[in-house]
Amino acid sequence: MFAQAPQLKKQRSLQELRLLIRRCEIISEKVVGQKPTSLRLKPMKSQWGSCNSKGVIAINTKLMYLPERLVAYVVHHEVVHLKIHNHGVNFKQLVEQLFPDRLMLDRQLRLVAPILKQK
Ligand SMILES: [Zn+2]
């Protein structure tokens, strides 16, 4: 998808990202069987999303720049963390229920990681 460190174009507004994340969240919740305490959008410099032990999920506003499938993947990753707080075998299996191509998606996220540092 991305041959090199990309100059990415904005794919959607913050409001559109919010709606997209909500749609993705509902699908992931069905698979995982858990809901976040709250889900926030915020700018982050080193990660696409996070999930803390209180069940609060934060999603990076930089996802405005990424394709829908990668947004859905990041959301699913964090929703799976509501149930499994590590990246072990069980975590990977639950991620793969929606994203069997997770290794390729991980690679794509690493390729676009430089945009995390950009303003
Ligand atoms: Zn994780």
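Q: Of the 119 residues of the protein chain, what percentage count as buried?
A: This is a predicted model, in which local features need pLDDT of at least 70 and side-chain atom pairs count only at pLDDT 80 or more, while totals for chains, interfaces and linings use all residues. Residues are numbered from 1 along each chain as its sequence is written. A residue is buried if 20 or more other C-beta atoms, placed from the backbone, lie within 10 Å of its own, exposed if 12 or fewer do, and partly exposed in between. Of the 119 residues of the protein chain, the share that count as buried is 28%.

Q: In what order do the elements of the protein chain run from the N terminus on?
A: Helices (H or I, at least four residues) and strands (E, at least two) are DSSP runs, and they are numbered from the N terminus. The secondary structure of the protein chain comes to 4 helices and 3 strands. From the N terminus on, these elements follow one another as α-β-β-β-α-α-α.

Q: What radius of gyration does the protein chain have?
A: The C-alpha atoms of the protein chain fill a box of roughly 35 × 30 × 20 Å along the principal axes. The radius of gyration is also taken over C-alpha atoms, and the globule rule is 2.2 Å times the number of residues to the power 0.38. For 119 residues a compact globule would come near 14 Å, and the protein chain agrees with this, because its own value is 13 Å.

Q: At roughly what angle do the axes of helix α1 and helix α2 cross?
A: Two packed helices are described by the angle between their axes and the distance between the axes. The axes are lines fitted to C-alpha atoms, for helices over the stretch in contact, and the angles run from 0 to 180 degrees between N-to-C directions. Helix α1 (residues 14-32) and helix α2 (residues 68-83) have axes that come within 9 Å, and these axes cross at roughly 45°.

Q: Are α2 and α3 parallel or oblique to each other?
A: The axes of α2 and α3 are 10 Å apart, and the helices pack at an angle of about 140°. Angles under 35 degrees count as roughly parallel, over 145 as roughly antiparallel, 65 to 115 as roughly perpendicular and the rest as oblique. The relation of α2 to α3 is therefore oblique.

Q: Which residues of α3 make the contact with α2?
A: α2 passes α3 in a right-handed crossing. On the side of α2 the contact is made by His76, His77, Val80 and Lys83, and on the side of α3 by Phe91, Leu94, Val95 and Leu98.

Q: Is Glu96 partly exposed or buried?
A: Glu96 lies in helix α3 (residues 89-98), and its C-alpha atom is 9.9 Å from that of His77, which is 19 residues away along the chain. Because Glu96 has 13 C-beta neighbours inside 10 Å, it counts as partly exposed.

Q: Which residues is Gln34 in contact with, leaving aside its neighbours within four places in sequence?
A: Gln34 is found in the loop between α1 and β1, and its C-alpha atom is separated by 7.5 Å from that of Val79, although the two are 45 residues apart along the chain. Leaving aside its neighbours within four places in sequence, Gln34 is in contact with Glu29, Leu82 and Lys83.

Methods: A crossing is left-handed if the near helix is turned anticlockwise from the far one by less than a right angle, and right-handed if clockwise. Two residues are in contact if their C-beta atoms, placed from the backbone, lie within 7 Å.
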